[in-house]
Protein chains: 2
Amino acid sequence: MSSDHGRAINFGAGPSALPLSVLEETQTGLLNFEGTGMGIAEISHRSKEFQAFLDEFEHNIRTQLDVPPTHRILFTQGGGTGQFSAVVLNLLARYRLLHPQASAADTVLDYVVTGSWSKKAAEEARRLSGGVATVRTAVDARVYSKDGKSFDNIPPHAEFAFADDPALIYYCENETVDGVEFSHDLESPAAFPFHLLKQDRLVPLVADYSSSFMCRPIPRLADHAVIYAGAQKNIGPAGLTILIVREDCIVDVDAAAKLGAPPVPLTLSYKTLADSGSLYNTPSVLAIYMAGLVLRRMKQNGGLPFYEEVNRRKAKKLYAAIHEGEQKGVFRRKVQQGSESWMNAVFEVLGEGAEKNFLEGAEKQGMKGLKGHRSVGGIRVSLYNAITEQEADKLIAYMTQFIAEANN
Amino acid sequence: MSSDHGRAINFGAGPSALPLSVLEETQTGLLNFEGTGMGIAEISHRSKEFQAFLDEFEHNIRTQLDVPPTHRILFTQGGGTGQFSAVVLNLLARYRLLHPQASAADTVLDYVVTGSWSKKAAEEARRLSGGVATVRTAVDARVYSKDGKSFDNIPPHAEFAFADDPALIYYCENETVDGVEFSHDLESPAAFPFHLLKQDRLVPLVADYSSSFMCRPIPRLADHAVIYAGAQKNIGPAGLTILIVREDCIVDVDAAAKLGAPPVPLTLSYKTLADSGSLYNTPSVLAIYMAGLVLRRMKQNGGLPFYEEVNRRKAKKLYAAIHEGEQKGVFRRKVQQGSESWMNAVFEVLGEGAEKNFLEGAEKQGMKGLKGHRSVGGIRVSLYNAITEQEADKLIAYMTQFIAEANN
């Protein structure tokens, strides 16, 4: 039932499955990195060998995502939570330099709240910007939910309300906990409403792509000010955060602080990262190595078009099974149609003890990590890049069988 | 010349050598962590298996360093540089809650500057505390240097000047770049002058132990408010920071911000870390795993007393060789006697081209990472825990031979 080395199929939401070939390459690199005689966790981050690896990693992100020269690719630590703070502090500094006299009322941070993570990000903005800015909810998806309190949808475009000249517009592309995602199809009502942004200036649009980074192309990437992602979903172990930052958002935070913007701790300053090539202090070398191997492998497999197609098929088949289960009274979808995440599918198993049976049956077949987030409950299936189509099919076959048996 | 797997002897300053047995255990854990069917980089940080590992790791630090119940052990990311900011923000919050009306002039941050890292830490304090606190240099070791400008000593006790009731007193126990370290012997003039601290209240004493953590016991640990260390020297890969924080320094930073203290980003807040058992957001699971294996191995080897004895012998023999080289006109010590670091020994090789010859000769014998920091130059030998006495002896034999040949 399990694959090589007694490995289970890991549908966990993160840290999550990584490709076996990458784990095996890491086994070698741990003892001797590219013939240096030193393991990758032991080598200086200032060595020419590591710099060459870092350059290739950056190149593989840039070419596969088509990142334009207007944007820098930076690496840091601290996960998405670190960036909740960093985007606020750096973009408040940027705004202060553009508008030295702006009042707190005029300095607006617009948050699109579609799930647990964007809600947390808005709360952090409130913590950090008291007295210097106003945090607004550009839209709250709970208002449009089936039960009036859950995050189960991307609201219609007409409901998004942005300030005329905000310091920041924030959204989370894929809500890992709630299983809600913006559509990839820009014509869809569940796409991010880029057309509502003022296009006569550089818009400070920030996107959290932590759980959907590198699963498919990023729509309108060039229109973003900051895109960030923790590595521990599609591309590596926890401990690495990847940033794509437009040049105008890399500002002199010390000059801004003199004008009244909050001071920016060194490790959160985009300028410090950019000026040092992400090597101001020791980066998480081993995590970068593993993510770099994942990116190299993605390129060999055909790049994002390959992963996009596989991920599309995996999600389509999985949601078909959930839908079938719903029609037969066995499952209940948590997320409204059109807003379902490719990466994290969330549903309930109906009936007393049924969820437990579902999880135990899956575990018997070597499938793990299916329990929903503690705040939402139910089942969560994460279909990150490292989950092969065959592995997804195995789960779907199990779900189909479970539905059939429940209807007997 | 090299050991198993074509491995060199790595005298680098960090990231640095790790025990081969730990790397080999990690190879196994990468594919299947303790029979879970998931690799350690793939498993949920909220799984019971990881929690048990984390608990053991914490226990092994607590028992080996004799950390009292008054102090919490916390894990985070961002390295020492992250803590440059965090200690300032958390201890300014603490001071504000104790003294809500204190002026910026009365809110004093006292920095003991003995090398590059404590100098950087003081600069970060100035960046973050503008308008709310006063950063003072309690002592600057350059004043007591041989050339009037280098960090080559720990100044005499009488030269340390602390404020009466500072918000923070900061020192760096071992300066990795400059090779200067406080003495372990509290009677030594180069020990930290604990006796100058006011003992009628809890002193906010902060120590950066990044490059000497777990190499020997920490003198007067219980008198510290915060001790922190990046893992990438003695105990693990880069990407993990270990904190030992006294309970009175874990404060409600939001309440302090309402009283005028600077806001504290979530990932830098000790309260956020403490309230969540260091699991507010995803920690660097793989780095924690490797460091946990190192601590487990240390315990099996006899704990800190064993490492202290070995490290003492390694340092004694190395400095004897440097001293011999100096007497014979081949080497020049950089650091004044009594202030030399056990972990990082810094010296010059005299004569044109001699340094290059020294490095090339060492490399031919499989010894790497000996080039000094770019800001100091010369040779730097790092003798972290993973460097065995035999490996240190091999370098010392090479140095002795180098001296003899230079004198021919």
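Me: How many salt bridges are there between chain B and chain A?

Reply: The count between them is 4, where a salt bridge is a side-chain nitrogen of Lys or Arg within 4 Å of a carboxyl oxygen of Asp or Glu. Bear in mind that this is a predicted model, where local features need pLDDT of at least 70, side-chain atom pairs count only at pLDDT 80 or more, and totals for chains, interfaces and linings use all residues. Residues are numbered from 1 along each chain as its sequence is written, chains are lettered from A and ligands numbered from 1 in the order in which they are written, and side-chain values use heavy atoms, with hydrogens and water left out.

Me: Which residue meets Arg127(B) in a salt bridge?

Reply: Asp254(A), through its side chain, at 3.0 Å from N to O.

Me: And what does Arg7(B) pair with?

Reply: Glu42(A), with the closest N and O atoms 2.8 Å apart. Arg7(B) sits in the segment before S1 of chain B and Glu42(A) in the loop between H1 and H2 of chain A, so this pair joins two chains. Helices (H or I, at least four residues) and strands (E, at least two) are DSSP runs, numbered from the N terminus.

Me: What's the salt-bridge count over all chains?

Reply: By the same rule it comes to 58.

Me: OK, polar contacts. How many residue pairs across the interface?

Reply: The rule finds 31, both residues being at pLDDT 80 or more. A polar contact is a pair of N or O atoms within 3.5 Å; within protein, one must be able to donate a hydrogen and the other to accept it, and residues adjacent in sequence count only if both atoms are side-chain atoms.

Me: Which element gives the most to chain B's side?

Reply: H1(B), with 8 residues.

Me: How much area is buried there?

Reply: About 5000 Å², with carbon and sulfur atoms giving 57% of it. Buried area is the accessible area (1.4 Å probe) that two parts lose on being put together, summed over both. Leu31(B), Glu42(B) and Arg127(B) supply 15% of what chain B buries against chain A, more than any other three residues.

Me: How many residues does each chain put in?

Reply: 62 from chain B and 62 from chain A, with contact meaning heavy atoms within 4.5 Å. Also, 100% of the interface residues of chain B are interface residues in chain A too, so the copies meet through the same surface.

Me: What rotation superposes chain B on chain A?

Reply: One of 180 degrees, with 0.0 Å of shift along its axis and an RMSD of 0.0 Å. That is the relation of a two-fold axis.

Me: Switching topic: what's the secondary structure of chain A?

Reply: Chain A has 10 helices and 14 strands. Its C-alpha trace spans about 70 × 60 × 30 Å along the principal axes.

Me: Where's the cis peptide bond in chain A?

Reply: From Gly14(A) to Pro15(A), with omega near -10 degrees. Pro15(A) is in the loop between strand S1 (9-10) and helix H1 (20-31) of chain A. In chain B, the bond from Gly14(B) to Pro15(B) is cis, with omega near -10 degrees.

Me: What's the phi of Asp66(A)?

Reply: Positive, about 60 degrees, although Asp66(A) is not a glycine. Most residues other than glycine have a negative phi. Asp66(A) is in the loop between helix H2 (48-65) and strand S2 (71-76) of chain A.

Technical notes
Least-squares fit on C-alpha atoms with pLDDT ≥ 70 in both.
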